[in-house]
Amino acid sequence: MNISELMKKMIEYSEGNLHDINHFIKVWTYAKTIGELEKIDEDTLFILEAAAITHDIACPLCRKKYGSTNGKYQELEGGILVRDLLKDCGLSVGQIDRIAYLVEHHHTYDNIDSMDYQILLEADYIINADESSYSKQNITEFCKKVFRTESGITLLKSIYGIA
């Protein structure tokens, strides 16, 4: 499966929820951009892109089950859903495991163990800051505490006009 096929599959999975579709497309765009600017290898970039597309796969279930898309609920429910979505897509067990790990941790900001994880957090935050109208103070503090890639920091500062 390639990224375009996964994108199509995830759009179908989203059942016309434009917010969810637009959100993961925007996160994917920033994740791919940061990954390429940071010159991560092709295999890691594929994992990153797949995780960016599927990172909020649990949102529909969480809305029904919890009445909320709280990040911790998404992490709790997302792994099994993404494993099910990807099981017949021709990916290796290792690829599916890594994508599921990233989906299960995309709201966990400590013990960041790799570039794909770091970049996914940064890309998701860039979009969440806009969609949730975060204050400049929140953005500045989050940048200092979590952002590590030169490209992610530059994009965040340029987009939100922070120093």
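Modeller: Start with a definition: buried means under 20% relative accessible area, exposed over 50%, and partly exposed in between, with a 1.4 Å probe and protein chains only. This is a predicted model, where local features need pLDDT of at least 70, side-chain atom pairs count only at pLDDT 80 or more, and totals for chains, interfaces and linings use all residues. Residues are numbered from 1 along each chain as its sequence is written, and side-chain values use heavy atoms, with hydrogens and water left out.

Biologist: What describes a pair of aromatic rings?

Modeller: The distance of the centres and the angle of the planes. Rings of Phe, Tyr and Trp (its six-membered ring) pair if their centres lie within 6.5 Å; planes under 30 degrees apart are stacked, over 60 edge-to-face, the rest tilted.

Biologist: How many aromatic pairs does a search of the whole structure find?

Modeller: Seven. One of them joins tyrosine 101 and tyrosine 117, edge-to-face, at 6.0 Å centre to centre and 90° between the planes. Tyrosine 101 sits in helix 6 (residues 93-105) and tyrosine 117 in helix 7 (residues 115-131), 16 residues apart. Helices here are DSSP runs (H or I, at least four residues), numbered from the N terminus.

Biologist: Is tyrosine 117 buried or exposed?

Modeller: Buried, at 1% relative accessible area. Tyrosine 101 is partly exposed, at 25%.

Biologist: Which residue pairs with phenylalanine 142 edge-to-face at 5.0 Å?

Modeller: Tyrosine 109, with 90° between the planes. Tyrosine 109 lies in the loop between helix 6 and helix 7, and phenylalanine 142 in helix 8 (residues 136-145), 33 residues apart. Tyrosine 109 is partly exposed at 35% relative accessibility; phenylalanine 142 is buried at 14%.

Biologist: Which residues do ring pairs link into a cluster?

Modeller: Tyr109, Tyr125, Tyr134, Phe142 and Phe147.

Technical notes:
Helices (H or I, at least four residues) and strands (E, at least two) are DSSP runs, numbered from the N terminus.
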